[in-house]
Structure formats: C-alpha cells, structure tokens
Amino acid sequence: MTDRTDKNTRYLAIFSDGPLEGTTETRLLENGEYDHRIGAAAHVDNSDALFWYRATGDREVAGEKHVTYAFEPEDSDPVSTNGEVDSLSF
C-alpha cells in the first residue's frame, strides 16, 4: 500500500491576493498536474461567496511543489468585508 499524500502527489497552493490573500492549503496533484484554476467558497459577512483563482507560477521548495494563485475578481462573487473570511475551500 502506498501513501497517497506523499510529497510527490501533493502541492502547496499559495493565495497571493484577493479575499484569501496570505493563506495556503495543501492540495493533491491529479495525474502529476496541479489545478490551473481553483474555486474557493467562503462565508463572508453572513453569506456564502465563491472566489476564483488562477495559477500564475510554480516552484520547488525543499522537494515540494509550491503553486501561486492570483485572484480573478471578474469571475468571483463581489463582497465587501472587514477582512474576516471563514474559508471553506473545495
């Protein structure tokens, strides 16, 4: 049996801007590839919102793939917030 979460099957998603700026999450590679676009749901100001992020680049850090994602405001739900976002990423 193999461990499906070893560093060859996962990567670190880094959100560089937008509502999820500064957050990260570990995601699984699919067929050796990272997601080029991520939809992330979050609860903001007592309502649910969907945010879209697009991969802008990747690099290897200590043998693990790190992928940077940029916010796509034109495809995301509009929100105004005080900075408090409860992420429910998928």
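Is Ala 62 buried or exposed? Ala 62 comes out exposed, with a relative accessible area of 78% (exposed means over 50%, buried under 20% and partly exposed in between, using a 1.4 Å probe and protein chains only). This is a predicted model, so local features need pLDDT of at least 70 and side-chain atom pairs count only at pLDDT 80 or more, while totals for chains, interfaces and linings use all residues. Residues are numbered from 1 along each chain as its sequence is written, and side-chain values use heavy atoms, with hydrogens and water left out.

Ala 62 sits in the loop between β4 (47–61) and β5 (strands are DSSP E runs of at least two residues, helices H or I runs of at least four, numbered from the N terminus). Its phi is near 50°, a positive value in a residue other than glycine. Asn 31, in the loop between β2 and β3 (37–44), also has a positive phi, near 55°. Asn 31 is exposed at 76% relative accessibility. As background, most residues other than glycine have a negative phi.

Now for the strands. β1 (residues 10–15) runs antiparallel to β2 (residues 24–28), joined by five bridges (two strands pair if DSSP finds at least two bridges between them). In this pairing Arg 10 stands opposite Leu 28. β1 also pairs with β5 (residues 64–71), this time in the parallel sense and over five bridges; here Leu 12 faces His 66.

The loop between β5 and β6 (86–89) holds Ser 76, which is buried at 9% relative accessibility. The Ser 76 side chain reaches the backbone nitrogen of Trp 52 at 2.8 Å. Beyond its neighbours within four places in sequence, Ser 76 is in contact (heavy atoms within 4.5 Å) with Leu 50, Phe 51, Trp 52 and Phe 71.

On the charged side, the structure holds eight salt bridges (a side-chain nitrogen of Lys or Arg within 4 Å of a carboxyl oxygen of Asp or Glu). One of them joins Arg 37 to Glu 72, with the closest N and O atoms 2.8 Å apart. That pair links distant parts of the chain, 35 residues apart: Arg 37 is in β3 and Glu 72 in the loop between β5 and β6. Arg 37 is partly exposed at 32%, whereas Glu 72 is buried at 9%. Elsewhere, Lys 65 meets Asp 58 at 3.6 Å, N to O, and Glu 60 at 3.5 Å. Asp 58 is partly exposed, with a relative accessible area of 39%.

Conventions:
A polar contact is a pair of N or O atoms within 3.5 Å; within protein, one must be able to donate a hydrogen and the other to accept it, and residues adjacent in sequence count only if both atoms are side-chain atoms.
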